[in-house]
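Try each task before you read its solution.

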Amino acid sequence: MRNNHSTQLIFELSTTGRTGVQLPACDVPQQEIEQLIPAALLQSEAPDLPEVTEPEVVRHFTNLSTLNMSVDTHYYPLGSCTMKYNPKRNERIAAWDGFAQLHPYQSDESVQGMLQLLWKLQQMLGEISGLPAVSLQPAAGAHGELAALMVAAAYFHQQGETRSKVLAPDSAHGTNPASARMAGFDFVTIRSQADGRVDLEHLKENLGDDTAVFMITNPSTLGLFDDQVQLIADLVHEAGGLIYLDGANMNAILGISRPGDFGADMMHFNPHKTFSGPHGGGGPGAGPICMTETLRPFLPNPTVTFCDETQTYYLDHGTQESIGRVRSFFGNVGVLIRAYCYIRTHGPEGLRRVSETAVLNANYLLSQVKGFLGVPHGDRCMHEFVASAVSVKESTGLKQPAMQIAKRLLDYGFHPPTVYFPLTVPEGMMMEPTETESKQTLDAFAETLQTILQEPIETLNNAPHSTHIRRPDEVMAARQPIVKWTETAD
Ligand SMILES: *Cc1c(COP(=O)(O)O)cnc(C)c1O
């Protein structure tokens, strides 16, 4: 797989005098650059640009694009992330000039089509969630959590109440406690029971007149729907608190159950997960938030509004109570356009089928995997499940079997599942097949896992054997990335 084009910088491919373009002969009078641009603004030396041919450029970047795994090139069962296939038509539509060439400073009158799309998306998300007051501004799920908790703070402030605590179960995503702290709350972890559901006794012990919000991910990160959720909502509401639904797992319940109907007061969507926006490598995403009518006045402003009288769309800069802007302009509009296309393409019945198929696929994979890996939380799941490689630790003495198996999967051309999350499952391997994969792919993945478990320990310990970069120090790779490939880095 290795060749010069994929391991050299484009500057190293440069040869003086080479060019990728042929400019036509100049047909206007020529002038020296000094006559056109003030001398103080001119550089004394020409910029150091690579001089390469067009095929060199194409091969270089095409090869670079294959060094990592992607949904377009590999199966990607990364639990909690919903790495489903992104239909290319959504990409084409988002790139239409009519969308891509708009300027955010244009007047409302001149961007009616864009505003109409965003308004309809607000309506659709309000309908899917059962929570009609929507803001599209937040730029990611975590940002939606933060914005919604700021709304909760503003709401309690207006009610003349001081409520300092945000609660969430121990299986929650790390963004929940982080958002709570950033919004100025103290964070309290609520235990889960052995079956993965919230420990109601522990919740009751911690509820009081200082409870602001209980954050719950349902279906949870264990891939289970907590059927106590309505009871939990009643308990929290009786204590005067609000329910926040972390909507990262909406892929399992679209058109089947609505958070607004099972007690949530607010939630976020991750369009880049549920509605197929391409993601990975850190973005871009979006994190629309949906709320009850009671909380609408506190939403970030502006929101997109429709005026019945004039039949026009406009940006409503909102009320005194609004927490204000949380993102420049309208939010990550490109991602929102893709979400709109995805929802409109499927329609209500289609969205329900998406969830039914996602759940069916996950249960099929679960049935295959539990033959050789433990699945601590049961025989059935929603759209994902968490296997445990603890038995492998016992039988082989491997220190971190989930990590070793994950690394070895790369050699077989599979992206690994999410490992060591949620923290409540030792040697956890969280698998989310998504609805876009075939039975053949799921079978091939399960068979590969089984093959890996029969391999010699040394093979696992030193994996991956076939990738360009093998085992980087993960902390250093994030903090001080060395992006240049060298022989010694191998
Ligand atoms: C992905 C995820 C988040 C955070 O969403 P981002 O869009 O990545 O910020 C929060 N909670 C859960 C359960 C998630 O899976």
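Some ground rules: helices (H or I, at least four residues) and strands (E, at least two) are DSSP runs, numbered from the N terminus, and two strands pair if DSSP finds at least two bridges between them. This is a predicted model, where local features need pLDDT of at least 70, side-chain atom pairs count only at pLDDT 80 or more, and totals for chains, interfaces and linings use all residues. Residues count from 1 along each chain as its sequence is written, and side-chain values use heavy atoms, without hydrogens and water.

**Exercise 1. Work out the strand order of the open three-stranded sheet, and what packs on it.**

Step 1. The order is E10-E12-E11, with antiparallel pairing.

Step 2. E10 (385-388) and E11 (418-419) each have a single partner strand, so one side of each lacks a neighbour in the sheet.

Step 3. E10 is joined to E12 (residues 428-431) by four bridges; Phe385, for one, has Met431 as its bridge partner in E12.

Step 4. Helix H11 (residues 333-369) packs on the sheet, touching E10 and E12 (contact: heavy atoms within 4.5 Å). Its direction makes about 10° with that of E10 (axes are lines fitted to C-alpha atoms, for helices over the stretch in contact; angles run from 0 to 180 degrees between N-to-C directions).
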